[in-house]
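I opened the model and kept notes as I went. The entries follow in the order I looked things up.

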Amino acid sequence: MKLLQALTLTTLAAMSLSSLAMQKPERPYGLVIHGGAGTILKKNMTPEAEKAYREKLDEALNAGYAVLEQGGSSIDAVKASIVIMEDSPLFNAGKGAVFTHEGVNELDASIMYSADLSAGAIAGVSHIKNPILLADKVRTDSVHVMMAREGAEEFAKEQGFELVDTKYFFTQRRWDQLEKVLKHTPEKPKLSEDEAKNSKFGTVGAVALDKNGNIAAATSTGGMTNKRYGRIGDSPIIGAGTYADKNCGVSATGHGEYFIRAAVTYDICARVKYKRQGIQESADEVIHDKLVEMGGDGGVIGLDAGANIMASFNTEGMYHGWKTSNGQAAIKIYKGE
């Protein structure tokens, strides 16, 4: 009897081990975010400001990662992260958006999903609290990819979005930046070289890979300080500021005119696909070689189908961070950190 029991237990144990061996290991998943790139130097940052940036990046990262951890989609993860940053006055998106030459805020955003290559974008809106959510509505509830200005806001109303007063976007810091730029002339320079560069860009973005192996990338921005003539940068343009396919997802931040001309985010993913090289190497080729030769400043974040994280920038700093199921986690700001 005891021998029979022992044999039965041994058989059950063997079956259990065999069953475990047949189970597929859980897919890796992860999230990477950015809050803009530029001349970000530690010597110019107060301890209080640095703490605020790191805490907000951490909050955004944890919000998106929690979605992934609970089995949610990469689309919902990137939206969760970006909404946190859009609601913060620290970043040039949503609440913290910069002012145009006319003293208004014009917001752009885009999002893309690898599962079906669907994409949505909005440009030049001034009454949408969270532009990334409207961009995703364009992706899911319209036959279009991009909508702009009054048309985008009309679509928003039809979709049940509450339009906010333009006063919502006012921050004294951004207003002071505009006034300083407006006083800048070759004869009476008011801006340092670093300030002049930083007035040209600033963005937030997120890229996620979920447990189902789907990648989403998203980007949101207030654009360029003192922009004119309805200028639109790279952030709402698929392939320039945002791109995602089954191999790769990328979100960009930088001087948009160069990122558009270089088709930065698509180019990086194309190198991953066609050259069969790593996402970090692909990004470095575009950001440190191709873009620099053109005279463009900025950076990108992204990941591939194996949850390998990428961050590449040719500026002094980029607010960014990541978290993966492989145990990688970081919040970084400065070059060489």
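**Entry: strands 9 and 10.** I began with Val 300 and looked up its bridge partner in strand 10, which is Ser 312. The model is predicted, so I read every contact with that in mind. Strand 9 covers residues 298-304, and five bridges join it to strand 10 in the antiparallel sense.

Entry: As a reminder to myself, strands of a sheet pair through backbone hydrogen bonds.

**Entry: the disulfide.** I searched for disulfides and got one. Cys 248 is joined to Cys 269, with 2.2 Å from S to S. Cys 248 sits in strand 8 and Cys 269 in helix 9, so the link ties together parts that are 21 residues apart in sequence. I read -75° about the S-S bond, a left-handed link. Buried or exposed, I asked of Cys 248? Cys 248 has 0% relative accessibility and therefore counts as buried. Cys 269, at 1%, counts as buried too.

**Entry: Ser 251.** I stayed in strand 8 (residues 248-254), where Ser 251 is placed. Ser 251 counts as buried because its relative accessibility is 0%. I checked its side chain and found a polar contact with the side chain of Thr 219, at 2.7 Å. Leaving out residues up to four places away in sequence, I listed what Ser 251 touches; among them are His 34, Ala 206, Ala 218, Thr 265 and Val 300.

I looked up the neighbours next. Strand 1 (residues 30-38) runs antiparallel to strand 5, and five bridges join them. Ile 33 has Ala 206 as its bridge partner in strand 5. Strand 6 (residues 215-221) also pairs with strand 5 in the antiparallel sense, over seven bridges. In strand 6, Ala 206 is partnered by Ala 218. The hairpin of strand 5 and strand 6 has five residues between the strands, and there Gly 213 takes a positive phi near 85°.

**Entry: helix 5.** Last, I went to helix 5 (residues 149-158), where the buried residues are Ala 152, Glu 153, Phe 155 and Ala 156. Why are they on the same side of the helix? They cover an arc of only 155° around the axis, which puts them there. Glu 150 and Glu 158 are exposed on the other side. Their buried counterparts are covered by parts including strand 3 (118-125), helix 4 (131-141) and strand 4 (146-148). After helix 5 comes Gly 160, and I noted its positive phi, near 90°.

Terms used: Residues are numbered from 1 along each chain as its sequence is written. This is a predicted model: local features need pLDDT of at least 70, side-chain atom pairs count only at pLDDT 80 or more; totals for chains, interfaces and linings use all residues. Side-chain values use heavy atoms; hydrogens and water are left out. Helices (H or I, at least four residues) and strands (E, at least two) are DSSP runs, numbered from the N terminus. Buried means under 20% relative accessible area, exposed over 50%, partly exposed in between (1.4 Å probe, protein chains only). A polar contact is a pair of N or O atoms within 3.5 Å; within protein, one must be able to donate a hydrogen and the other to accept it, and residues adjacent in sequence count only if both atoms are side-chain atoms. Contact means heavy atoms within 4.5 Å. The arc is that of the directions from the helix axis to the C-beta atoms. Two strands pair if DSSP finds at least two bridges between them. A disulfide is a pair of cysteine sulfur atoms within 2.5 Å.
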